Amino acid sequence: MLESEEGEFFLKVLIPSYAAGSIIGKGGQTIVQLQKETAATIKLSKSKDFYPGTTERVCLIQGTVEALNAVHDFIAEKVREMPQNVGKAEPVNILQPQTNVNPDRVKQAKLIVPNSTAGLIIGKGGGTVKAVMEHSGAWVQLSQKPEGINLQERVVTVSGESEQNRKAVELIIQKIQEDPQSGSCLNISYANISGPVANSNPTGSPYANSA
């Protein structure tokens, strides 16, 4: 079990497959360097071990608030560098999970927080999440509570320009700091979780009008 040091917190981030290589680096060099520079501890789920309902890997960062923000800035930068060929829709084979990535993904940050932290982010009557959006200029959505599956977490999707997302993530990290139970879900592998899965894309159907 990971123990957090005084003044250290945990942040869980979803990493799209296309960005994982550039975050890890050749032979793991980039992630080692990032840990040295920020004094954070960074763990990443295995290459095919995705968060339920997504094709994204789970990254767990442990460190001071400054370290969490610094590591997330680095990850966000890599997520924005989507290779040209990834966003193109491929012919859809019904038997295969869809591999093409939503081109909007480059403008999104996806964080995973325990239900207790999600409550603080939403705030009374949705007041806090509204304030986060107004202050940062980013759009912030939380996934629905999944039914029939024992997941004690929610996905927070932040969408906007890089500076807007940075501000919103900073404010969300403040909420993680305020939640005494924010370190309650520290697994990076979800391979043993089965049952109906929450769709991490809060717009619902891929054909839903997102206007």
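What follows is about helix H3 and the two helix contacts described for it.

Analyst: This is a predicted model, in which local features need pLDDT of at least 70 and side-chain atom pairs count only at pLDDT 80 or more, whereas totals for chains, interfaces and linings use all residues. Residues are numbered from 1 along each chain as its sequence is written, and side-chain values use heavy atoms, with hydrogens and water left out.

As a setting, the protein chain has six helices and six strands, counted as DSSP runs numbered from the N terminus (H or I, at least four residues, for helices; E, at least two, for strands). Along the sequence these follow the pattern β-α-α-β-β-α-β-α-α-β-β-α. Of its 211 residues, 45% count as buried, meaning under 20% relative accessible area with a 1.4 Å probe and protein chains only.

Helix H3 spans residues 65-79, and its axis comes within 10 Å of the axis of helix H2 (residues 29-38), the two crossing at roughly 150°; axes here are lines fitted to C-alpha atoms over the stretch in contact, and angles run from 0 to 180 degrees between N-to-C directions. That crossing angle makes H2 roughly antiparallel to H3, a label used for angles over 145 degrees. The crossing of H2 past H3 is right-handed, that is, the near helix is turned clockwise from the far one by less than a right angle. On the H2 side the contact (heavy atoms within 4.5 Å) involves Thr 30, Leu 34 and Thr 38, and on the H3 side Ala 67, Ala 70, Val 71 and Phe 74. By class, this contact has five nonpolar, two polar and no charged residues, where Ala, Val, Leu, Ile, Met, Phe, Trp, Tyr, Cys and Pro count as nonpolar, Asp, Glu, Lys and Arg as charged, and the others, Gly among them, as polar.

H3 also meets helix H6 (residues 162-178), the axes coming within 10 Å and crossing at roughly 145°, and this crossing too is right-handed. Here H3 contributes Val 65, Leu 68, Asn 69, His 72 and Asp 73, while H6 contributes Arg 166, Val 169, Glu 170, Ile 173 and Gln 177. The residues of this contact divide into four nonpolar, three polar and three charged.

In strand S3 (residues 56-63) lies Gln 62, which is buried at a relative accessible area of 7%. The C-alpha atoms of Gln 62 and Ile 42 are 6.5 Å apart in space, although the two are 20 residues apart in sequence.

Key. Parallel < 35°, antiparallel > 145°, perpendicular 65-115°, else oblique. Buried < 20%, exposed > 50% of the residue type's maximum accessible area, 1.4 Å probe, protein only.
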